Amino acid sequence: MNSDLYKKILIATDGSEQNQKAIEYGVDLAKISNAKVYPVYVVDTAAFSSIPMDSGWEMMYDLIKKEGREATDQVVKLAEEAGLECEPTILEGHPSHEIIDFANNNDIDVIVMGTLGKSGLDKFLLGSVAEKVIRNSPAPVLVVRGEEKKE
């Protein structure tokens, strides 16, 4: 079965094991649609706002960017194995805002992302990137519930 519904698919990744299922769904959807895949990782710069800018800050920032490259490389590997065109991107800013802006600026047809499936008070108090993207994105959003790590 092939579809022309999606030509550009953004797969938001944070590099976590819980996000793996969303990556697989996104690549499978791209395979069905023969779509171009855009793996996107966002360095959350708000997390740095309270840290003084010194060599420790730079080192932490470099580590997070490296994590972003590794996370997008994982998606690239799966996409290329599936014979798909892929264009990874690392952005900086607030994750939900950056994901939506990227989708708008690149005519993305669908956003695929994961969630831990938090519920109840956690969800109410913390919110989530996925929830903010769902509420504010003009593009359709496919949220794939991840599996919580069992300890």
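Me: Why is Asp28 called partly exposed in this model?
Reply: The model is predicted. Asp28 has a relative accessible area of 41%. Buried is under 20% and exposed is over 50%. The value 41% lies in between, so Asp28 is partly exposed.

Me: What makes Lys31 partly exposed?
Reply: Its relative accessibility is 44%. That falls between the 20% and 50% cut-offs, so Lys31 counts as partly exposed.

Me: How do you know that Asp28 and Lys31 meet in a salt bridge?
Reply: Their N to O distance is 3.7 Å. The cut-off is within 4 Å, so the pair qualifies. Both residues lie in helix α1 (residues 20-33), 3 residues apart, about one turn of the helix.

Me: Why is the contact of Lys77 with Glu81 called a salt bridge?
Reply: The closest N and O atoms are 3.9 Å apart. This is within 4 Å, so the name applies. The two residues are 4 residues apart in helix α2 (residues 55-81), about one helical turn.

Me: Are Lys77 and Glu81 buried or exposed?
Reply: Lys77 has 53% relative accessibility, and Glu81 has 57%. Exposed means over 50%, so both count as exposed.

Me: What makes Glu131 and Arg135 a salt bridge?
Reply: N to O is 2.8 Å. That is within 4 Å, so the pair counts. Helix α5 (residues 129-136) holds both, 4 residues apart. Salt bridges that share partners also join Lys36, Glu85 and Glu87 into one network.

Me: How many salt bridges does a search of the whole structure find?
Reply: The search finds 7.

Note on methods:
Residues are numbered from 1 along each chain as its sequence is written. This is a predicted model: local features need pLDDT of at least 70, side-chain atom pairs count only at pLDDT 80 or more; totals for chains, interfaces and linings use all residues. Side-chain values use heavy atoms; hydrogens and water are left out. A salt bridge is a side-chain nitrogen of Lys or Arg within 4 Å of a carboxyl oxygen of Asp or Glu. Buried means under 20% relative accessible area, exposed over 50%, partly exposed in between (1.4 Å probe, protein chains only).
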